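Hi everyone, thanks for coming. I'd like to walk you through a few spots in this one, so let's get it up on the screen.

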Amino acid sequence: MTHLDRRDFLRVGGAGAAGAVMLGALPGRALAAPGGPFRHGVASGDPLPGSVILWTRVTPTEDALPGSGTGPAVDVRWQVARDAAFTEVAASGTVRTGPDRDHTVKVDVRGLHPGTAYHYRFLAGDVASPTGRTRTAPAPGADVSALRFGVVSCSNWEAGHFAAYRHLAARADLFGVIHLGDYLYEYGSGEFDAGGTVVRAHTPAHEILSLADYRMRHALYKTDPDLQALHAHLPWMIVWDDHEVANDAWSGGAENHDPATEGPYAARLAASRQAYFEWMPVRARAGGEIYRRLRFGRLAELTLLDLRSHRSQQTSGVAVDDPARTITGAAQMDWLKSGLSASETRWRLVGNSVMISPVALGAQPAHLLGPLAKLLGIPQGGVPINADQWDGYTTDRRELLGHLHDERIDNTVFLTGDIHTSWANDVPLTAATYPRSPSVATEMVVPSVSSDNIDDILGVPPRTVSLLAEGLLAGTNPHVRWAELDAHGYGVIDVGTERVLMNWYALSDRTRRDATVRSLASATVASGSQRLTRLRRW
């Protein structure tokens, strides 16, 4: 999510070297480090029926700080147990890590039982990490009647605290957390904060470019106590968006990357990706791609997309209709369509970092204007307000939505982040003729955890300019069933056999760690309907 052009709208790797040492051989140095060896917490992610990713970062000596490239190679033990006391250990092992992996530890634990809750920990000598809790996915053929996930996006350190994570961590009814991108931000201090106020300063203070920079920024975020608590409490399913690299990233560059002063974009991209896979509990595909699927019995399949690595550069006007442009890339589009066709689950959830529903203001769709459309420079779907979304890649959107329609694939729900606001959308095959045009899916967009929205950016009180914008949206986009452009918070999605229900929650004040939370709205889609059937505002 940008704060520039969008302001208007709102491995488990071995250190592999001789000289590696066990942490237990360095008890004085390891324990003298403030916060101990496990100061960045523990995390789990990408649960499969028989495996799950476990993560931590160890600080063996005081000089082995994130991004420093220094410190000894060490061995770290890990344990997975059925009980919190670790009397029934189900799996265990030892991993060697060192400065080549920024002392991160990442284990893909296999041989676990499907649909089972586990406790896990890491050990450095005699020092144990905090205990985490995780669980495996149900077996593919399991009859699962209900699942509940927290859904979050756009967590900006400088714009506030992560109280949304604290409230989700306090719940005992969630299977896991779906994070839809912008887990961190790359900006220098003061470049994108809380409406002009830095709530807490970034480290490093400059815009991050190098591998050391990205490692340090990841490390900073993982010192947040509420982020640590939620990671330790539940498995996360995460996909990246642009700010994990740079604003409005595309396959060959980014809006705020200048090769003349910041070097080749390919070097920055490689650095950000390396740090990401070191620091995040995610499982990459065999070719290194991050798009992937997770299945939860017969009830639901979660498809996580990568809408940055393969996309064409952003454009405007009728160029958004160029059939050569792509947001997914050909390989990912083929993978996505074939997976949706082959899915045997009741629901198909799509983790989608930018909005797929068309949103246009101030113009009629091109087909209603006839031959004047090209002369006026109006794209086929109308004039989009944000060409960084699927609105800027209309050929790919038509291909995907046409596939859902032609193959009669129902019960598809797009879960979306990026734009720092809350939306409930029907996803029409052709927006211009909605509601006569069939709706082929629904979309639930969650607000930011802390990043600026429209009134924050403009420096006006909530429910001022945002109310006007909401009215304009309702007047020209009838498939947008509800939008709220002010609140920060999160979503909780209930997936049942007969319906999917999204509840939106709003924080009282993103700048306060002790912020309270209130219900904002809820929306339901019934199985087989492809339209939101109930919407309630609190």
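Okay, let's start with Leu112, which has a relative accessibility of 8% and so counts as buried, since the cut-off for that is under 20%. Keep in mind that we're looking at a predicted model here.

Where does Leu112 sit along the chain? You'll find Leu112 in a loop, the one between strand S6 (104–109) and strand S7 (117–124). And what does Leu112 touch, if we skip residues up to four places away in sequence? The list is Pro49, Gly50, Ser51, Val52, Val80, Ala91, Tyr118 and Thr136. Take Val80: Val80 and Leu112 are 32 residues apart in sequence, and C-alpha to C-alpha they are 9.3 Å apart in space.

Next, over to strand S20, residues 489–496. How many of its residues are buried? That's 8 of 8, so S20 is mostly covered. Now for its partners. Strand S10, residues 146–152, runs antiparallel to S20, and 6 bridges join the two. Within that pairing, Gly491 in S20 stands opposite Val151. S20 also pairs with strand S21, residues 499–507, again antiparallel, over 7 bridges. Here Val495 has Val500 in S21 as its bridge partner. S20 and S21 make a hairpin, with 2 residues between them.

Last stop, Thr421. This one is in the loop between strand S16 (412–416) and strand S17 (422–428). Buried or exposed? Thr421 is buried, because its relative accessible area is 0%. Its side chain also makes a polar contact with the side chain of Trp423, at 2.8 Å.

How values were computed: Residues are numbered from 1 along each chain as its sequence is written. This is a predicted model: local features need pLDDT of at least 70, side-chain atom pairs count only at pLDDT 80 or more; totals for chains, interfaces and linings use all residues. Side-chain values use heavy atoms; hydrogens and water are left out. Helices (H or I, at least four residues) and strands (E, at least two) are DSSP runs, numbered from the N terminus. Buried means under 20% relative accessible area, exposed over 50%, partly exposed in between (1.4 Å probe, protein chains only). A polar contact is a pair of N or O atoms within 3.5 Å; within protein, one must be able to donate a hydrogen and the other to accept it, and residues adjacent in sequence count only if both atoms are side-chain atoms. Two strands pair if DSSP finds at least two bridges between them. Contact means heavy atoms within 4.5 Å.
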